Amino acid sequence: MPPGTSPAEAEAEAWTWENAAAGAAAGFATVAALHPLDVVRTRFQVSGGRGWSEVPPYRNTAHAVYTITRSEGLRGLYAGFYPAVLGSTVSWGLYFFFYNRAKQRYLQRKDDQLHPVHHLISAAEAGALVSMFTNPIWLVKTRLQLQTPKHHTSQYSGFSDALRTILREEGFLALYRGIGPGLLLVTHGAIQFTAYEELRKAMIFFKSTQSRTDNRGGEESLLNSIDFAVLGAGSKVAAILLTYPYQVIRARLQQRPGTDGTPKYSNSWHVVKETARYEGVRGFYRGITSNLLKNLPAASLTFVVYENVIKLFKATKEKT
C-alpha cells in the first residue's frame, strides 16, 4: 500500500482494476459472438447517397449476410475481426476503469448515493478518454470491414498492414479521422450507463419490495443474469436511438480515400450536408436494423458477463 493511502482507498483502487478486467472480458465475449452484424452495419452506413462506393447495394440485413457469404465467404463476415476484438476489449476495459474511477471521485464528495448527473458525467469522461485511445483501432476496423473484392487493387492484408499503409500514404493524422463524431459518441455511453444505473436501482427497489426481506446478501442476491440482460438491452435502445447519426458520420469519414487519394468527405459538416441533401433523415439511420440486432444482445451479453465476473471476483476475494 502506498504511504498515506487508507485501506478503503486501497480497496477502491483494487476494485477499479477488477472492473477493468470484467469490462475487457465482457467486450471480448460480445465481439466474438456478434461480429458479422457489425460488418453488415458498417457497410450499410456508408452506402447510398452520391459519389463512389465499392460497397454493393444490399436490400436488408438478411440479404447483406447472404451476399457477403456468397461472394466473400466466412472471411468477409469476419472482416476486421482482430481490430474489433482489440478495440472492444480495450474500450470496455478502459471504459469501466475510467467510469468507476470517476464515480469514486464524485462519491468522495458525497455521503449518500450518487445523483444521476454524476453517472452521466462519469460516463462522459470515460467515453472521451476511451475515444482518444482507441480511434486508430476503430478506423482500421472500419477500413477492413469495407474492403470488398472490387475495392482496391492493393487491399490491406490485415491490421498491422493497414496501420503501416495509412501512415505511409495519409500520415499520422489520418488515424484520427472521425474523432469529432467519435467524441460526440461519448453521449451514447453516458446515456447508456446513466439509464443502466437508474434502471438497476429501480429494479433492485422493486425486487426488494416484492421479496419483503432485509436482503442481507446485498444486491447480488436480488438480480440475476436475466435481469442484467434486460437492463443492458433497455439502456442500449435509448442510447442507440439518440446517437446513431454520429456513428454514420464517423463511418463515412473513416472510409479509405479513392484511388486518387481524395477522401469522399472532407469533414463532419461535409458528411452532414451531403447526407441530408441526397438521402434525407433516413440517411443518418442507415444500418440501424442490423445495429439493433447486434447491439441489443451485445449490450445484454456485455452486462451479464461484466456483472458475473465482478461477482466471481467478490466471491474469490471473500474466500481469501
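I looked up a nonpolar surface patch and found L167, F172 and L173, which share about 350 Å² of accessible area. Patch members have over 30% relative accessible area and no salt bridge, and nonpolar side chains (Val, Leu, Ile, Met, Phe, Trp, Tyr) are joined within 5 Å. A salt bridge is a side-chain nitrogen of Lys or Arg within 4 Å of a carboxyl oxygen of Asp or Glu. Areas come from the Shrake-Rupley method with a 1.4 Å probe, and for residues only the protein chains shown count as cover.

I noted that the model is predicted: local features need pLDDT of at least 70, side-chain atom pairs count only at pLDDT 80 or more, and totals for chains, interfaces and linings use all residues. Residues are numbered from 1 along each chain as its sequence is written, and side-chain values use heavy atoms, leaving out hydrogens and water.

I then placed F172 in the loop between α5 (159–169) and α6 (179–184). F172 is exposed, at 54% relative accessible area (exposed means over 50%, buried under 20%, partly exposed in between).

I went through the whole chain next. It has 10 helices and zero strands; these are DSSP runs, H or I of at least four residues for helices and E of at least two for strands, numbered from the N terminus. Of its 320 residues, 50% count as buried. The chain's accessible surface is about 15800 Å², with 62% belonging to carbon and sulfur atoms.

Last, I checked UniProt, where an unreviewed entry puts a "transmembrane region" at residues 80–99; such annotations may be inferred rather than shown by experiment. In the model, residues 80–99 are 95% helix and 0% strand, and their end C-alpha atoms lie 27 Å apart.

Conventions. Patch = residues over 30% accessible without salt bridge, like charges linked within 9 Å, V, L, I, M, F, W, Y side chains within 5 Å. Buried < 20%, exposed > 50% of the residue type's maximum accessible area, 1.4 Å probe, protein only.
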